Amino acid sequence: MNFFLFSLFFFPFFTLKSGVVRMVAPKILIDADGNLRIRVTLIGNCDELEYEAIADTGFSSDVAVPQDVAITIGLTKAGVSNVMLADGEVVSIPVYLGRCKLGDRIYDASFLVFVDLPQVLIGMGLLSQYEITFDVSSFSAEIRESPNATRPYETSYAMFLRTLMREEE
């Protein structure tokens with residue numbers, strides 16, 4: 001995979017009631033195909049792996065991973081979900097729970113696991129925590145934590161799955 005050498009670290013400052021808090025934003029870059037890639041660390045029960053995941057704004061959940069990644073890091077199975085793919089086909093996909101690190105923030109996240117997925121995707125469940133600006137023509141991008149983030153450390157879908165799992169016990 002050829003990546004342009006351009007990458008950007010952006011260190012925004014946010015003022016909170018307790019004072020100034022510094023948030024280290026995730027590393028981002030734009031690859032030769034114009035895809036926005038975000039450096040993430042996927043964390044399971046057994047291991048953690050770092051990827052340059054593709055930001056997929058058409059994907060409404062948190063993370064999509066190949067099956068071998070889910071096995072390697074040891075995600076926790078939460079169930080099965082019916083998912084509509086980009087071509088309109090509805091399929092049943094296993095859903096797992098794990099954690100995803102973006103910059104210095106670690107989120108509890110839901111993972112859709114696909115047998116033949118060629119790469120890791122980050123969806124709007126996690127991306128909605130950030131403001132991202134990018135210009136494909138100049139291969140530049142900036143990312144910063146959104147001051148309007150609704151759940152800074154657990155996506156709403158992951159929280160919902162954890163609640164369902166507790167009710168089943």
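1. Where does Thr41 lie? Thr41 is in strand 4, which spans residues 36–43. The model is predicted. Thr41 counts as buried, because its relative accessibility of 12% is under the 20% cut-off.

2. Next, the confidence of the prediction. The protein chain has an average pLDDT of 76. A score of at least 70 is reached by 72% of the residues. Residues 1–22 are a stretch to treat with care: there the pLDDT is below 50. That stretch still has 48 contacts in the model beyond near neighbours in sequence. Where pLDDT is low, predicted coordinates should not be read in detail.

3. Now the overall make-up. The protein chain holds three helices and 12 strands. It has 169 residues, and 40% of them count as buried. Take the contacts in the protein chain with a separation of 6 or more: 56% of them are between residues 24 or more positions apart.

4. Strand 9 deserves a look. Nine of its 10 residues are buried, so strand 9 is largely enclosed by the rest of the structure. Strand 9 pairs with strand 6 (residues 63–66) in the parallel sense, over four bridges. Val65 stands opposite Val113 of strand 9. Strand 9 also runs antiparallel to strand 8 (residues 90–102), and eight bridges join these two. Lys101 stands opposite Ile106 of strand 9.

5. What phi does Gly103 take in the hairpin of strand 8 and strand 9? Gly103 has a positive phi near 65°. This hairpin has two residues between its strands.

6. Strand 8 has a further partner. Strand 7 and strand 8 pair in the antiparallel sense, again with a count of eight bridges. Met84 stands opposite Val90 in strand 8. The hairpin of strand 7 and strand 8 has five residues between the strands. In this hairpin Gly88 takes a positive phi near 95°.

7. Val91 sits in strand 8. Is Val91 buried or exposed? Val91 is buried, because its relative accessible area of 18% falls under the 20% cut-off. Setting aside neighbours within four places in sequence, Val91 is in contact with Ser81, Asn82, Val83 and Leu85. Val91 and Val80 are 11 residues apart along the chain, and their C-alpha atoms are separated by 9.9 Å.

8. How many aromatic pairs does a search of the whole structure find? The search finds one. The pair is formed by Tyr107 and Tyr130. Their rings are 6.3 Å apart, centre to centre, with 75° between the planes. The pair is edge-to-face, because its angle is over the 60 degrees that this class requires.

9. Tyr107 is buried, with a relative accessible area of 0%. Tyr130 is buried too, with a relative accessible area of 7%.

10. The largest pocket has a volume of about 430 Å³. It is lined by 18 residues. Those closest to its centre are Gly58, Phe59, Val83, Met84 and Leu85. Which strand gives the most to the lining of the largest pocket? Strand 7 does, with four residues. Strand 7 (76–84) and strand 9 each supply at least two residues of that lining.

11. A last stop is Pro147. This residue lies in the loop between strand 12 (140–145) and helix 3 (156–168). Pro147 is exposed, because its relative accessible area of 58% is over the 50% cut-off. Pro147 and Glu131 are 16 residues apart in sequence. In space they are 8.8 Å apart, C-alpha to C-alpha.

Definitions and conventions
Residues are numbered from 1 along each chain as its sequence is written. This is a predicted model: local features need pLDDT of at least 70, side-chain atom pairs count only at pLDDT 80 or more; totals for chains, interfaces and linings use all residues. Side-chain values use heavy atoms; hydrogens and water are left out. Rings of Phe, Tyr and Trp (its six-membered ring) pair if their centres lie within 6.5 Å; planes under 30 degrees apart count as stacked, over 60 as edge-to-face and the rest as tilted. Buried means under 20% relative accessible area, exposed over 50%, partly exposed in between (1.4 Å probe, protein chains only). pLDDT is the predictor's confidence in each residue, from 0 to 100. Contact means heavy atoms within 4.5 Å. Two strands pair if DSSP finds at least two bridges between them. On a 1 Å grid over the protein atoms alone, a cavity is a set of points where a 1.4 Å probe fits but cannot get out, and a pocket is an open set with protein on both sides within 12 Å along at least five of seven lines; lining residues have an atom within 4 Å of a point. Grid points are joined across faces, edges and corners, and a volume is the space filled by probe spheres set on the points.
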